[in-house]
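The tour below goes from ring to ring, then into the core.

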Amino acid sequence: MPYEKDLLVLFRDSKILFNPFHSNFFFSKDKFSESFNVIKTFKHNDKKILVGTYNSNKIAEGYSLIGLRELFPIINSDDFFILSKSFQIYNWSKQNKFCGACGQKTSEVNESEFSKFCENC
């Protein structure tokens, strides 16, 4: 399936936003511009992958949330790699919001690194 250069993968409650009618889980940034926050980006081949959280309380019409394992039988290995890495980043960010030593909120070091730091420690 041909994709744009920048792809958005959205998560909510550890599930991927999915369009079952088009079997689509990669979106343009413009599609949900008001409904997501980007957690992190990474490169895969010539594509920039944006990993984000879907913030709307209501799932957009025609879309659903689906687990990564449920997608395994219907996607190719390249897409599965992108979704798996995206899920790892989403989970990492979700589980490391606070410092393990003092409990204060952590901050991103910069966009190119997968690390956080505590300003308090």
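Start by selecting phenylalanine 11 and tyrosine 90: both are buried (under 20% relative accessible area with a 1.4 Å probe, protein chains only; exposed is over 50%, and partly exposed lies in between). The model is predicted, so local features need pLDDT of at least 70 and side-chain atom pairs count only at pLDDT 80 or more, while totals for chains, interfaces and linings use all residues. Residues are numbered from 1 along each chain as its sequence is written, and side-chain values use heavy atoms, with hydrogens and water left out.

**Ring pairs**

Stay on phenylalanine 11 and tyrosine 90. Their rings form a stacked aromatic pair, 4.8 Å centre to centre with 20 degrees between the planes. Rings of Phe, Tyr and Trp (its six-membered ring) pair if their centres lie within 6.5 Å; planes under 30 degrees apart are stacked, over 60 edge-to-face, and the rest tilted. Phenylalanine 11 sits in strand β1 and tyrosine 90 in helix α2, so this pair ties together parts 79 residues apart in sequence. Helices (H or I, at least four residues) and strands (E, at least two) are DSSP runs, numbered from the N terminus.

Next, select phenylalanine 32 and tyrosine 63. This aromatic pair is edge-to-face, with 5.3 Å between centres and 80 degrees between planes. Phenylalanine 32 lies in the loop between β2 and β3, and tyrosine 63 in the loop between β4 and β5 (64-66), so the pair links parts 31 residues apart in sequence. Phenylalanine 32 counts as buried at 6% relative accessibility. Tyrosine 63 counts as buried at 15%.

With Phe32 and Tyr63 they form one aromatic cluster. The count of aromatic pairs comes to 11.

**Charges over rings**

Select lysine 31. It lies over the face of phenylalanine 32, at 6.0 Å from the ring centre. The rule asks for NZ of Lys or CZ of Arg within 6 Å of the ring centre and within 35 degrees of the ring normal. Then go to lysine 40, over the face of phenylalanine 114 at 5.7 Å from the ring centre.

**The core**

Select Val9, Ile16, Phe25, Phe26, Val51, Leu71 and Leu83. These have the most contacts inside the largest nonpolar core, which has 19 residues. Such a core is a set of buried Ala, Val, Leu, Ile, Met, Phe, Trp, Tyr and Cys residues joined through side-chain atoms within 4.5 Å. The largest share of this core, four residues, comes from α2.
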